Amino acid sequence: MTADTVTNAPASAPAAADAKAQPAYPHTNGWAIVARKEVADHLHSARIVVLFFILGAATLIPLYFASDTIKSVAGQLTDTRGAFLALFLASSQDYPIPNVITFVAIVAPLLGIGFAFDSINGERSDGTLPRLLSQPIYRDDVVNGKFVAGLAVITVVLVAVVGIIAGFGIVRLGIVPGVDEVIRLLLWLAVTILWVGLWLAFGLLLSVRIRRAANAALVGFGVWALVAIFGQLIVGVVASVIAPWATAATLEQAVALKALSDGILRVLPLTIYQEASAVLMRPDLTTVSTPATIAQLGQLEAQVQGQFLSFDQSLLLIWPHVVALVALMAVCFAAAYIWFMRQEVRA
Amino acid sequence: MTIVTGRPSRRRRSASAAAAATASDPTAPIRTRALTKRYGERIAVDALDLEVRAGEIFGLLGQNGAGKTTTILMLLGLTEPSGGSARVVGLDPTRHPLEVKRRVGYLPDSVGFYGNMTGRENLRYTARLNGLAGDEAEDAISLAVEHVGLTDRADTRTDTYSRGMLQRLGIADALLKDPDVLILDEPTASIDPIGVEDVLRLLRQLVHERGITILLSSHLLNQVQSVCDRVGIFAFGQLIGVGTVPELAERFGFSLNHIELVVDADPEQDAEIVRALKRVDGVIDAELGIALTDRTLAEAAAAAVTTGDLEGPPVEATPDAPAGPQERIWIVTTEPERELHAMISSIVGAMAAQRLIRIGRHAPTLDEIYRRAVEQHGKRRLAEGAEGAA
């Protein structure tokens, strides 16, 4: 550094500034660059391998045990509508193993939380967040990119697992899906991605709010356990608090009690998803609402068995569920987004 | 009182250059007016007026928590100011954060990288975020990595890097976008001494070759002194002094009319040397100083005890001081109006009989200036507080 730099520099610096005055603005897609890096990270991480194997193994095992049942039942069926989808619904008669869609409903939240719980606080604790935010991208590109990346990777995993199951069914059991069934499967996949997306957004929210990744994971899995395992128990408690007089002594009371606890249960997003996926995967389900009176129960029983809904009718039936899931996901994501935008860059 | 020798010529030249451009410069790459940041009750940055001129290295000095990082974050648009305004490369960082971030390279305090990626991959991500791709990006990465001396480690994962290597990679990262302005928060923290030299040399080279403007913050004062053209002393969220080191020395009451000379002589010759020095026209006083340079710490400590001029734990002076000739340091006070070079010539003449080793201006270190500045400011704040109470 000498005196001549001091005098020379002002002449050269504005020149450099002029050259850059009209920028070609390539950074409107900052989120895509962030997402690309995040996807690569996810695909290289150990957790995707673990999750893929858990999901894959745990769906193939019940399928393997159930395959004999399906085969024998499928042989007797004259109307094969829904036989392909039975692959996802069948459970073993000999072993207490849940079927595929129940399993996905329970495990998918783990996927979502697992991919998001350390996304923002991890950057923070690694000291990469200030560096990332000092690049010419908008701040929300970081959150958006990470969410999109998580969703993309989970979609890939789910599609792969569903593909394996369908392939297994076609090759080993010789069950070929019809158009209606394929559409139902795709709709179910879409709702499932929504379901995982909800938990991904929740995980993202935790990673924004909770500074330590380990704490965020604990809270996330705690909420998951509450929803997946203790939900039923809590509903029982709440129902008995609201209606302490209720006993299942008479049929009327039993129906009323069931309607009440189902109503409470529907507060849980898990119920919403499970109802939606059941209706989508079972064309024979014509209602999601619990009969509130004995008369309704009678109506339900009087319905002709073996009556199938077309997929658009099923979709209509669970449309409120879809809207509820979208709304829940939007709320979680919006909370994460707003908090992140307002947060100081420094801890 | 410690003495640091050398670098007198550079200081003087940049001082005169700075004096020529004291008027507010509208083209200054970094300008703030009454920039303020409040966190609730606490004022982190208090009505800051800062100006960093094109092509200079400006050092922001201050203790931890003085508001340096907050200021930097506001300059980058990463934190919204509570009041006042800032202009970086002519733009308001709050309203045009993207354009500012595109042209300003930033090395954050304790920078981090993705440990599962190599250094090169990390930089590639940054390049992509800056709109660089393909060969253009690869060339920029290779150049940046070479600049900071990490070429041979660029393809190993960054979780194997030492803190100092991460710091250097951080500088490479900031250089990728070919910035007009470089903002470095504690750039030399946790780099080993040789690495620090390399980094400082790199910064000077960047200013030279590309005309980059650099703002760096640090609490390592001697490094700041060695590399910065101008320095701003930051305390309690306020800039309590700005200027070159000699300017600051003067401002905070250090007189600059001291000459330091080192003579290879016995202690018995002291009286004779004092007489010779005092006979020189324009010399007011001459006294022994101590130096920590060129000597072992033990010797320095011993000297400190004999002259009684060092604060800190007392160190026992060795009863039998090293015999024979040794370096004796003298501080000569001259009349203020005397020209430095003329005085040096006269003193050299007067010391013809002695074995003179070194002679030059004795400037206070930035360390000393900083201490006094903060002290004075603290006293003034106290006084103002008392007035306010009364």
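Author: Two residues are in contact if their C-beta atoms, placed from the backbone, lie within 7 Å. By that criterion Arg153(B) touches Gly119(B) and Met165(B), not counting residues up to four places away in sequence. The model is predicted: local features need pLDDT of at least 70 and side-chain atom pairs count only at pLDDT 80 or more, while totals for chains, interfaces and linings use all residues. Residues are numbered from 1 along each chain as its sequence is written, and chains are lettered from A and ligands numbered from 1 in the order in which they are written.

Reader: Why is Arg153(B) called partly exposed?

Author: A residue is buried if 20 or more other C-beta atoms lie within 10 Å of its own, exposed if 12 or fewer, and partly exposed in between. Arg153(B) has 19 such atoms, so the intermediate term applies. Arg153(B) is located in the loop between helix 5 (134–147) and helix 6 (163–175) of chain B; helices (H or I, at least four residues) and strands (E, at least two) are DSSP runs, numbered from the N terminus.

Reader: What makes helix 2 of chain B largely enclosed?

Author: Helix 2 spans residues 68–75, and eight of its eight residues are buried, so the rest of the structure largely encloses it. Among them are Lys68(B), Ile72(B) and Leu75(B). Just after this helix, Gly77(B) adopts a positive phi of about 75°.

Reader: Why do strand 2 and strand 4 of chain B stand at the edges?

Author: The open sheet has three strands in the order 2-1-4, with antiparallel pairing. Strand 2 (42–52) and strand 4 (83–88) each have a single partner strand, so one side of each lacks a neighbour in the sheet.

Reader: What is the pLDDT over residues 1–23 of chain B?

Author: pLDDT is the predictor's confidence in each residue, from 0 to 100. Over residues 1–23 it stays under 50, although the model has 37 contacts beyond four places in sequence for them. Where pLDDT is low, the predicted coordinates should not be read in detail. For chain B the mean pLDDT is 81, and 84% of its residues reach 70 or more.

Terms used
Two strands pair if DSSP finds at least two bridges between them.
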